[in-house]
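Welcome, and please take a look at the structure shown here. The notes after it walk through it topic by topic.

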Amino acid sequence: MLPESVMRRAREELLDWHGTGLSVMEMSHRSKAFASIAEKAEADLRELLSVPDHYHVLFLQGGASSQFAMVPLNLLGTRGSADYLCTGSWSKKAIAEAQRYCTVNVATTSEADHFTSIRDPGSWQLHADAAFVHYTPNETIHGVEFHRIPETGAVPLVGDFSSTLLSRPLDVSRHGLIYAGAQKNMGPAGLCVVIVRADLITAPRAGTPAMFTYKNHVEARSMYNTPPTYPWYVAGLVFEWLQEQGGLEAMAHRNRRRAEKLYAAIDADAFYHNPVRKESRSWMNVPFTLANSDLDERFIEQAAREGLHELKGHRSVGGMRASLYNGMPDAGVEALIDFMVDFSRRHG
Ligand SMILES: *Cc1c(COP(=O)(O)O)cnc(C)c1O
């Protein structure tokens, strides 16, 4: 979801951005007007996340999935291996892609318990000579979230923050590289944000396509080719909205409170079940199943009639999934809980 006030503002400015007579969709990415939009968005994102000056912020295309390749292609350097923490479907995809370019050491995996937990860090097999450690702070499909940043010593930590960036404050300086597809918690599809420590930008592996080379995007300030201008603009509106909300401390407070409320409702009713270990439950994505899966379709249908959409769980895990991204108003979470109580009373 996007905040309604952001959508309204995009609508107001759709045909004529600030008296220019142009829509942002019609502007050259090299125009003064777009440059001002781009710079403001970057400055606001830097402020929200307190991004240190020695980090670059890139606004790229290709989604988070392209980063699965770009990260190893650019960060391996002369090393031949990287460590990956495997905590769900998105980690697995990142691992499969990295295996095309290097030896992947899976330092930990919770696949045996169907990705319902994160193993104790003491059991992880990390390697001091790994080029980087990759993790997925929030597994969007399984609803598993790291509530602590992994310790990796001198080895750069890389995080796929697609479904959790901007949900709370983040210590960027603990990471070498952060990436996030915009469409979950930041803006419309088509944009991927990368935040990378400057010293990690070196020559990529031989044969790497120009578009997959961070150095090119850094040197061109994300204008190596035409960037996704409209999603960049809407993401900028979301950043302004986040500042109006009180920034990421305020979002963290709100997101934690309402996730706890939804989990409490699930745990209080045997008709619903969330399989994730309590300490690893996601604030952003709450998967749950019904005691009788024959009722799944009816649940989704009736919920949609109440204005509660997109509740179907990912096809790989089934059941339901409630995504509580920043743009979701508190009233949406309340309405879901009310609906669940009522549905269970009628069918449980
Ligand atoms: C959605 C998602 C992706 C894939 O994003 P695309 O932009 O579609 O490539 C990757 N990682 C995580 C954690 C996601 O939630």
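What follows is a short tour of the ligand site, the salt bridges, a surface patch and some backbone details.

This is a predicted model, in which local features need pLDDT of at least 70 and side-chain atom pairs count only at pLDDT 80 or more, while totals for chains, interfaces and linings use all residues. Residues are numbered from 1 along each chain as its sequence is written, and side-chain values use heavy atoms, with hydrogens and water left out.

**Around the ligand**

- The ligand has 13 residues around it, and Ser-65, Thr-140, Asp-160, Gln-183 and Lys-184 come nearest; a residue counts as near if one of its heavy atoms lies within 4 Å of the molecule.
- Thr-140 has a side-chain N or O atom 2.4 Å from an oxygen atom of the ligand.
- For Lys-184, an N or O atom of the side chain is 2.6 Å from a ligand oxygen atom.
- Asp-160 places a polar side-chain atom 2.6 Å from a nitrogen atom of the ligand.
- On its own the ligand has 390 Å² of accessible area, and the protein covers 87% of that; accessible areas come from the Shrake-Rupley method with a 1.4 Å probe, and for residues only the protein chains shown count as cover.
- Helix α3 (residues 63-75) supplies the largest share of the shell around the ligand, with four residues; helices here are DSSP runs of H or I with at least four residues, strands are runs of E with at least two, and both are numbered from the N terminus.
- Sorted by class, the shell holds eight polar, three nonpolar and two charged residues. In this sorting Ala, Val, Leu, Ile, Met, Phe, Trp, Tyr, Cys and Pro are nonpolar, Asp, Glu, Lys and Arg are charged, and the others, Gly among them, are polar.

**Salt bridges**

- Side chains of opposite charge can pair when their charged atoms come close.
- How many salt bridges does the structure hold? There are 22 salt bridges, each being a side-chain nitrogen of Lys or Arg within 4 Å of a carboxyl oxygen of Asp or Glu.
- Glu-42 and Arg-221 form one of them, at 3.4 Å from N to O. This pair links distant parts of the chain, 179 residues apart, with Glu-42 in helix α2 and Arg-221 in the loop between α5 (214-219) and α6 (229-244).
- Glu-42 is buried at 12% relative accessible area, whereas Arg-221 is exposed at 54%; buried means under 20%, exposed means over 50%, and partly exposed lies in between (1.4 Å probe, protein chains only).
- Arg-258 pairs with Asp-330, their closest N and O atoms being 2.9 Å apart. Arg-258 sits in helix α7 (residues 247-267) and Asp-330 in helix α9 (residues 330-347), so the bridge ties together parts that are 72 residues apart in sequence.
- In that pair, Arg-258 counts as buried at 2% relative accessibility, and Asp-330 is partly exposed at 29%.
- Glu-219 and Lys-215 meet in a salt bridge of 3.0 Å, N to O. Both belong to helix α5, where they are four residues apart, about one turn of the helix.
- Glu-219 is exposed because its relative accessibility is 56%, while Lys-215 is partly exposed at 33%.
- A network of salt bridges links Arg-9, Glu-13, Lys-40, Asp-44 and Glu-240.

**A buried polar contact**

- Gln-67 lies in helix α3 and is buried, with a relative accessible area of 0%.
- The side chains of Gln-67 and Tyr-214 are joined by a polar contact of 2.5 Å. A polar contact is a pair of N or O atoms within 3.5 Å; within protein, one must be able to donate a hydrogen and the other to accept it, and residues adjacent in sequence count only if both atoms are side-chain atoms.

**Backbone details**

- Most residues other than glycine have a negative phi.
- His-114 is not a glycine, yet its phi is positive, about 55°. His-114 is placed in the loop between β3 (103-109) and β4 (133-135) and is exposed at 63% relative accessible area.
- Leu-166 also has a positive phi, near 80°. The loop between β7 (157-160) and β8 (177-181) holds Leu-166, which counts as buried at 1% relative accessibility.
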